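Please walk me through this structure, from the chain as a whole down to single residues.

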Amino acid sequence: MKKLSILFCLFVSLLSAKAQEFKAVKISGKAINFNNSVEVEDMTEFKDISLSSNERIFVPDSNKNFSIQFKIAIPGYYRIGRNIIYISPGDDINATIDRINPTKSIFSGSRQIENTYLKLTPYPKQGSFLDGETGIQSSIAKTIDYILTKSKERSQQLDSIRRMVSPDFYRLESVRIKADIINSFMNIPIYYSWVHKTSTDSALMIQQQRDSLTKPIIAKLSKGLVDPLHLKLVVYRDVLNTILQNQPSTFSIPQKINDWFKASAIKQKAITLDNKNDLIALYKGIDSINTDVYKNAIASTIAQLTQLNQGDPAIDILFTNTDNQTIPLSNFKNKVIYLEFWATWCGPCLADKPKMELLKQQFKNDDSIVFLSVSIDDNLDAWKKYLIKQGVSKDEFIVDRNKLSNYNLLSVPRMILINKDFTIEQLYAPGPGNKQLIPLLTKMRLKP
């Protein structure tokens, strides 16, 4: 029955995908101050329900140029570095994205107006209009006035492009400003206490003063703000519980919002589990979700997470070695396999490489363990040049990262441990410098 449930959920998910019209989006240009692979991160409500996708990951070349294409069905918000961008199906966007200073980013092509406006989007994690410590004034009252002044400036910026953007975009950005105000108010005690170095005893007094001054404003802002469309905004989702608390006692939460709460709670639970049976048990919670797009998304998430778990047979992978020979992972059966996935453009990976070489030396006389370094570089020459420079070639391989979907390899460095019987021991194993690794390897090598 459990297998049938999984297959049914996947079947429904596939039907849903076919029912929607997906169109390609192209984004190209320059990615400045990015050192590793870059994800075009989904920032809509599906961020809290789905897993990341390899289809939206790119690596800038040596000249910082990049180009990526992927398909979407509806307009939504995404993020590259710290830049929030708005994308619609069929868009062709050209961008110069600066990771360190997003306000320096330049956009042309599709959505130029929207994405230029979005460069100044305040960050929810920095207290939105407070911008960390910057917005804290000499008193709580003056800090509130500062927030409201900044929000008014943002509203004026939005009004200046109203006739050049879609009604949906204008509406969402108007909601964002209200949600950013609420988020700013909620963060006042944290940043105010930090800037003014107040005592622990003063924390409650600061919160009470904040509440007395902001409560009527939040109540006014929350009026008419509950709508499933607004879930597209991260900051709206961050303050949604506060907005709901400010609705009349007779207010009924829309079904779609309730379904999003349920689906996101299931995902948060799912990503903490590494036992397949526990993950499969989460399917029971999906039955109470009535919104198909959320039901299908969370079903797909669980299906992805149950593809491969601890104790499952490892899925074979074809590697290419430095002599351009194809070597399957299964060639190393009957040995403990320690897999290191890395790339020449990954700073933390390069920091791990010397530790990996020391590890190989430590076990060089032990035939029961093999250490495989597998690059996911797109540039074969860059990979070979690095290995030549470092003077290493033994047990060094390269692989197309798109062939690693079963292992959910979305970032590097990533370590995987496989038992002698070719079953998964750990999908997220300790790094080569971790103190837990040696005892773990010793225990594994003693197994029959």
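**From the whole chain to single residues**

The protein chain exposes about 22700 Å², and carbon and sulfur atoms supply 51% of that area. The model is a predicted one. Along its principal axes, the C-alpha trace of the protein chain spans about 70 × 55 × 55 Å. The protein chain has 13 helices and 16 strands. Of its 448 residues, 48% count as buried. Among contacts in the protein chain with a separation of 6 or more, 68% are accounted for by residues 24 or more positions apart.

Helix α7 runs over residues 255-270, and at 1.5 Å a residue its 16 residues should span 22 Å; the end C-alpha atoms are 22 Å apart, which agrees. The residues of α7 that are buried are Ile257, Asp259, Trp260, Ala263, Ser264, Ile266, Lys267 and Ala270. These buried residues pack against four helices: α6 (234-245), α8 (276-281), α9 (283-286) and α10 (292-305).

The loop between α6 and α7 contains Pro254. With a relative accessible area of 21%, Pro254 is partly exposed, because the buried class holds values under 20%. Neighbours within four places in sequence aside, Pro254 is in contact with Val226 and Pro228. Between Pro254 and Ala429 there are 42 Å in space, C-alpha to C-alpha, and 175 residues in sequence.

Helix α3 (residues 140-159) holds Ile144. Ile144 has a relative accessibility of 4% and therefore counts as buried. Not counting residues up to four places away in sequence, Ile144 touches Phe185, Ile188, Leu213, Thr214 and Ile217. Gln325 is 181 residues from Ile144 in sequence, and the two are 65 Å apart in space, C-alpha to C-alpha.

Next come the aromatic side chains. How many aromatic pairs does the structure hold? The structure holds 13 of them. In one of these, the rings of Phe319 and Phe397 have centres 5.6 Å apart and planes at 40 degrees, so the pair is tilted. Phe319 lies in strand β10 (residues 318-321) and Phe397 in strand β14 (residues 396-398), so this pair ties together parts that are 78 residues apart in sequence. Both Phe319 and Phe397 are buried. Phe363 and Phe371 also form a tilted aromatic pair, with 5.7 Å centre to centre and 45 degrees between the planes. Phe363 is buried, with a relative accessible area of 10%, and Phe371 is buried as well, at 4%.

One aromatic cluster is formed by Tyr77, Tyr86, Tyr117 and Phe169. Tyr117 also takes part in a contact of another kind: Arg154 lies over its face, at 3.7 Å from the ring centre.

The backbone has its own points of detail. Most residues other than glycine have a negative phi. Ser128 is not a glycine, yet has a positive phi of about 50 degrees. Ser128 is placed in the loop between α2 (112-118) and α3. Its relative accessibility is 2%, so Ser128 counts as buried. Asp395, likewise not a glycine, has a positive phi of about 55 degrees. Asp395 is found in the loop between α12 (380-390) and β14. Why does Asp395 count as buried? Its relative accessibility is 19%, and buried means under 20%.

Cys346 and Cys349 form a disulfide, with their sulfur atoms 2.4 Å apart. The count of disulfides comes to 1. The link of Cys346 and Cys349 is right-handed, with 75 degrees about the S-S bond. Cys346 and Cys349 are both buried.

Methods. Residues numbered from 1 in each chain as written. Predicted model: local features only at pLDDT ≥ 70, side-chain atom pairs only at ≥ 80, totals over all residues. Heavy atoms only, no water. Disulfide = S-S within 2.5 Å. Buried < 20%, exposed > 50% of the residue type's maximum accessible area, 1.4 Å probe, protein only. Helix = DSSP H or I, 4+ residues; strand = E, 2+ residues; numbered from the N terminus. Expected span 1.5 Å × (residues − 1). Contact = heavy atoms within 4.5 Å. Phe/Tyr/Trp six-rings, centres within 6.5 Å; stacked < 30°, edge-to-face > 60°. Lys NZ or Arg CZ within 6 Å of the ring centre and 35° of its normal. Areas by Shrake-Rupley, 256 points an atom, 1.4 Å probe, with all protein chains shown as cover.
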